[in-house]
Amino acid sequence: MALKERLTEDMKSALRNRETVRLGMVRMIRAQIKNREIAKGSDLVDEEAVEVVSSLIKSRKEALEFAVKGDRQDLVAQAEEELEILASYLPEQLSEEEIRSVVREVIEQSGAAGPGDLGRVMGAVMPRVKGRADGRLVNTIVRECLAGLATQDVQSMQTG
């Protein structure tokens, strides 16, 4: 089922079951998708709709960080519930090991040699994991792998 159809069905279900938080989140997602469609001038495909959900998740995570820093437990609980609802509309997320595998593959293919190749590697990895992995986590893994390459190069020069 397409994401937009699923959202419509979930909205009807939330209305019937009086799930106010879920209903509010579904309406927000639908509104953001509609805004993006208007800006684009045509309907969004599922991948583009997933991008909308991902951007909403990113903003909710930022709100959660501020709530935690401000010691606002009521807002923390609300943001966590909203994140859980939003995450249910994303495709299955890749595990950390699956991300590492993609990163290693891209590094081998691109011939990246160290941290200076971060942009090139990220540019190749992100389209492969789009919507299925958090960008911050991917960035962290790419940095670790590239730093490991640099360390291996230094060690091989010292022993060689």
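**Close-up 1. Helix H3, from end to end.** In this predicted model, helix H3 runs over residues 46–69, which gives it 24 residues. From the first C-alpha to the last, H3 reaches 35 Å, close to the 34 Å you'd expect at 1.5 Å a residue. Carry on past H3 and you meet Asp-71, whose phi is positive, near 55°.

**Close-up 2. The buried side of the story for H3.** Which residues of H3 are buried? They are Ala-49, Val-50, Val-52, Val-53, Leu-56, Ile-57, Arg-60, Leu-64 and Ala-67. And what covers them? The cover includes helix H1 (3–17), helix H2 (20–40) and helix H4 (73–87).

**Close-up 3. The largest pocket.** This pocket holds about 590 Å³ of space. Its lining is made of 20 residues, and Ser-54, Lys-58, Ala-133, Asp-134 and Gly-135 are the ones that lie nearest the centre. H3 turns up again here: it gives the largest share of the lining, 8 residues. Sort the lining by class and you get 7 nonpolar, 5 polar and 8 charged residues.

Close-up 4. The side chains of Glu-9 and Lys-12 meet here, 3.8 Å from N to O. The two residues sit 3 apart in H1, so about one helical turn separates them.

Close-up 5. Arg-100 lies in helix H5 (residues 96–110). Is Arg-100 buried or exposed? It counts as buried, because its relative accessible area is 17% and the cut-off is under 20%. Its salt-bridge partner Glu-96, 3.0 Å away from N to O, is partly exposed at 41%. Both lie in H5, 4 residues apart, about one turn of the helix.

**Close-up 6. A link between helices H5 and H6.** Glu-105 and Arg-128 join their side chains in a salt bridge of 3.0 Å, N to O. This pair ties together distant parts of the chain, with Glu-105 in H5 and Arg-128 in helix H6 (residues 118–129), 23 residues apart. Elsewhere, salt bridges with shared partners tie Glu-96, Arg-100 and Glu-144 into one network. Across the whole structure, a search finds 15 salt bridges.

Technical notes. Residues are numbered from 1 along each chain as its sequence is written. This is a predicted model: local features need pLDDT of at least 70, side-chain atom pairs count only at pLDDT 80 or more; totals for chains, interfaces and linings use all residues. Side-chain values use heavy atoms; hydrogens and water are left out. The expected span of a helix is 1.5 Å times one less than its number of residues. Buried means under 20% relative accessible area, exposed over 50%, partly exposed in between (1.4 Å probe, protein chains only). Contact means heavy atoms within 4.5 Å. On a 1 Å grid over the protein atoms alone, a cavity is a set of points where a 1.4 Å probe fits but cannot get out, and a pocket is an open set with protein on both sides within 12 Å along at least five of seven lines; lining residues have an atom within 4 Å of a point. Grid points are joined across faces, edges and corners, and a volume is the space filled by probe spheres set on the points. Ala, Val, Leu, Ile, Met, Phe, Trp, Tyr, Cys and Pro count as nonpolar, Asp, Glu, Lys and Arg as charged, and the others, Gly among them, as polar. A salt bridge is a side-chain nitrogen of Lys or Arg within 4 Å of a carboxyl oxygen of Asp or Glu.
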